[in-house]
Amino acid sequence: MDEERLRSVLESLLFAAGEPVSIARLSAALDDAPRAAIQKALTAMATAYATENRGIVIEEVAGGYQMRTQKDNAAYVRKLLAARPPRLSRPLMETAAIIAYRQPITRPEIEQLRGVDSGGVLETLLEKRLVRIAGRKDAPGRPIIYETTAEFLELFGLKDLDALPDLSEFREIERTIEEANTGPVRGVETHPEDADAAVDPALADEVGESDAADVPPDDDKSSR
Amino acid sequence: MSDEGAPRQIAADGTVRFRLPIYEGPLDLLLHLLKRAELDPHDVTASVITEQYLAWLELLGELNLDVAGEYLVMAATLLLIKSFAMLPHPELADTEEAEELKRDLVERLLEYQRYREAAEKLHERALLGRDVFTTPGEAAPEDANARQFTATIFDLVEAMGAVLKRMAEKVPRGIVLRDIPVAECIPRIMRALEGATRIEFATLFDDAGDRSVVIATFMALLELIRRREVRAYQEVRFGPIFLERAAPSTAAENPA
């Protein structure tokens, strides 16, 4: 199969599949065409799509290649499809992020990090298939451990877990902690007299804010 | 933004309900208070934060809302740290302990904050279904199967418990001593599964007369599952358990 023909077939395969397709699967569909040739053709196609400002892009997602619409065109596509964007509340995103960065992780570990019961959010993540049960931890009580799924990578357009947003500033924060540990204790203050003044306006503000809180409508809470 | 009345709703039964900003636990609330005071997590023990935190809990109490235990634990920690700082003779205080408490709290806050930031970054990415779209593709034929959950031993035991409970209600307790060999129950289960593509777990025990039969049948079922001759699955989590013959690989190879 010459290169032009190969590209043509690959284009059809990616279009028809919709989901991310691994090079291994493409190769199998192509009667065991050499993977290197497929890889090369895909890279060339992705570049061509990008340089020609096409409405479709070819991206590496969840261990495979996938055709996706150009994100600058999102508003038009949404209108055409009357698409409802996925509802991802902040607690849900927080929990998903913790699992993504710390997997495999148990529910008590998640709750320790969030400081709050996370059973409902976990159930929602399982239902949305962004997270799955990876087995049980070899520890007392054999707690269930969770990990993210291919659907998680697909939703956020990630090639793999290494492609998660870099958290390099974590190191900076850790350094700050180090310094705080060795340095003098900040913030342990003794000014009880100015506390009273601060309380009341704060509360008024708190309640007033409620309906405009920057929290997205909380699906996992209200549905329970 | 309305500044009063908005969070209050009167429900059909006349009770007053309040909608409050949803703080996802004490760490979330503390970060919010710090941000508003333009402080960073290292200042979590500032007295203004402690006071506002406690005022918030008090408000929840006044509104007759249940304050989750984790909020109270955090309040206790904040007060303990504060009490150390307020001792007239600081040299008498266990400053080691106070510092350690504070350090742990600051670390928890920073760690929580970094995951929150990570979540925000993820949410800003080109989201499938919001910013980017794909072709629907052909639904894979095995998709229906993929949605099934394999029932665990716990699901089975729970379903078993339900069967026994129902039985206890129906059948007057008599004294029937019988030995039911598990091996005898196996062909009965297989026959039941032959007639249908699948049967519901509970129907397996429909004509079981007493507990010993039920238990022997259950043991036989576990044995069949262990041998991978029968598969137990649920279509929804915690839904009814269905049984089916597992993929008859041997039967297909040697048609009788």
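Two strands count as paired if DSSP finds at least two bridges between them. In this predicted model, strand 4 and strand 5 (residues 144–148) of chain A meet that criterion, pairing in the antiparallel sense over 5 bridges.

**Sheet of chain A**

- The sheet is open and has 3 strands in the order 3-5-4, with antiparallel pairing.
- Strand 3 (105–106) and strand 4 (131–136) of chain A each have a single partner strand and stand at the edges, so one side of each has no neighbour in the sheet.
- Helix 5 (residues 90–102) of chain A packs on this sheet, where it touches strand 3, strand 4 and strand 5 of chain A. The direction of helix 5 makes about 95° with that of strand 5 of chain A.
- Strand 3 and strand 5 of chain A run antiparallel and are joined by 2 bridges. Ile105(A) has Tyr146(A), in strand 5 of chain A, as its bridge partner.
- In general, the strands of a sheet pair through backbone hydrogen bonds, in either a parallel or an antiparallel sense.

**Nonpolar cores**

- The largest nonpolar core has 55 residues. Those with the most contacts inside this core are Ala96(A), Ala97(A), Ile99(A) and Phe152(A) from chain A, with Leu30(B), Ile49(B) and Leu109(B) from chain B.
- From chain A, the elements that give two or more residues to this core are helix 5, helix 6 (107–114), helix 7 (119–127) and helix 8 (150–155). From chain B they are helix 1 (25–36), helix 2 (47–62), helix 3 (69–86) and helix 4 (95–124).
- Helix 4 of chain B gives the most to this core, with 10 residues.
- Ala97(A) touches Tyr115(B), Ala118(B), Ala119(B) and Leu122(B), when residues up to four places away in sequence are not counted.
- A second, separate core of 18 residues includes Ala151(B), Val163(B), Phe218(B) and Ala220(B).
- In soluble globular proteins, nonpolar side chains tend to be buried together.

**Helix 7 and helix 8 of chain B**

- Helix 7 (residues 182–194) and helix 8 (residues 211–226) of chain B pack at an angle of about 70°, and their axes are 8 Å apart. The two helices are therefore roughly perpendicular to each other.
- Helix 7 of chain B contributes Val182(B), Cys185(B), Ile186(B) and Ile189(B) to the contact. Helix 8 of chain B contributes Ala216(B), Thr217(B), Met219(B), Ala220(B), Leu221(B), Glu223(B) and Leu224(B).
- The residues of this contact divide into 9 nonpolar, 1 polar and 1 charged.

**Helix 1 and helix 3 of chain A**

- The axes of helix 1 (residues 3–17) and helix 3 (residues 35–51) of chain A come within 10 Å and cross at roughly 75°.
- Glu3(A), Leu6(A), Arg7(A), Leu10(A) and Glu11(A) of helix 1 meet Ala37(A), Ile38(A), Ala41(A), Leu42(A) and Met45(A) of helix 3.
- The residues of this contact divide into 7 nonpolar, no polar and 3 charged.

**Chain B and Asp155(B)**

- The secondary structure of chain B comes to 9 helices and 6 strands. Of the 256 residues of chain B, 27% count as buried.
- Among contacts in chain B between residues at least 6 apart in sequence, 56% join residues at least 24 apart.
- Asp155(B) lies in helix 6 (residues 153–170) of chain B. With 19 other C-beta atoms within 10 Å, Asp155(B) is partly exposed, because a residue is buried if 20 or more lie within that distance.
- Asp155(B) and Gly239(B) are 84 residues apart in sequence and 9.5 Å apart in space, C-alpha to C-alpha.
- Beyond its neighbours within four places in sequence, Asp155(B) is in contact with Gln234(B) and Ile241(B).

**Backbone features of chain A**

- Most residues other than glycine have a negative phi, and most peptide bonds are trans.
- A cis peptide bond, with omega about -5°, joins Gln103(A) and Pro104(A). Pro104(A) lies in the loop between helix 5 and strand 3 of chain A.
- Asp32(A) is not a glycine, yet has a positive phi of about 60°. Asp32(A) is in the loop between helix 2 (23–29) and helix 3 of chain A, and counts as exposed with 8 C-beta neighbours inside 10 Å.
- Ala82(A), also not a glycine, has a positive phi of about 45°. Ala82(A) is in the loop between helix 4 (74–81) and helix 5 of chain A, and counts as exposed with 6 C-beta neighbours inside 10 Å.

Technical notes:
Residues are numbered from 1 along each chain as its sequence is written. Chains are lettered from A and ligands numbered from 1 in the order in which they are written. This is a predicted model: local features need pLDDT of at least 70, side-chain atom pairs count only at pLDDT 80 or more; totals for chains, interfaces and linings use all residues. Helices (H or I, at least four residues) and strands (E, at least two) are DSSP runs, numbered from the N terminus. Two residues are in contact if their C-beta atoms, placed from the backbone, lie within 7 Å. Axes are lines fitted to C-alpha atoms, for helices over the stretch in contact, and angles run from 0 to 180 degrees between N-to-C directions. A nonpolar core is a set of buried Ala, Val, Leu, Ile, Met, Phe, Trp, Tyr and Cys residues joined through C-beta atoms within 7 Å. A residue is buried if 20 or more other C-beta atoms lie within 10 Å of its own, exposed if 12 or fewer, and partly exposed in between; C-beta atoms are placed from the backbone. Angles under 35 degrees count as roughly parallel, over 145 as roughly antiparallel, 65 to 115 as roughly perpendicular and the rest as oblique. Ala, Val, Leu, Ile, Met, Phe, Trp, Tyr, Cys and Pro count as nonpolar, Asp, Glu, Lys and Arg as charged, and the others, Gly among them, as polar.
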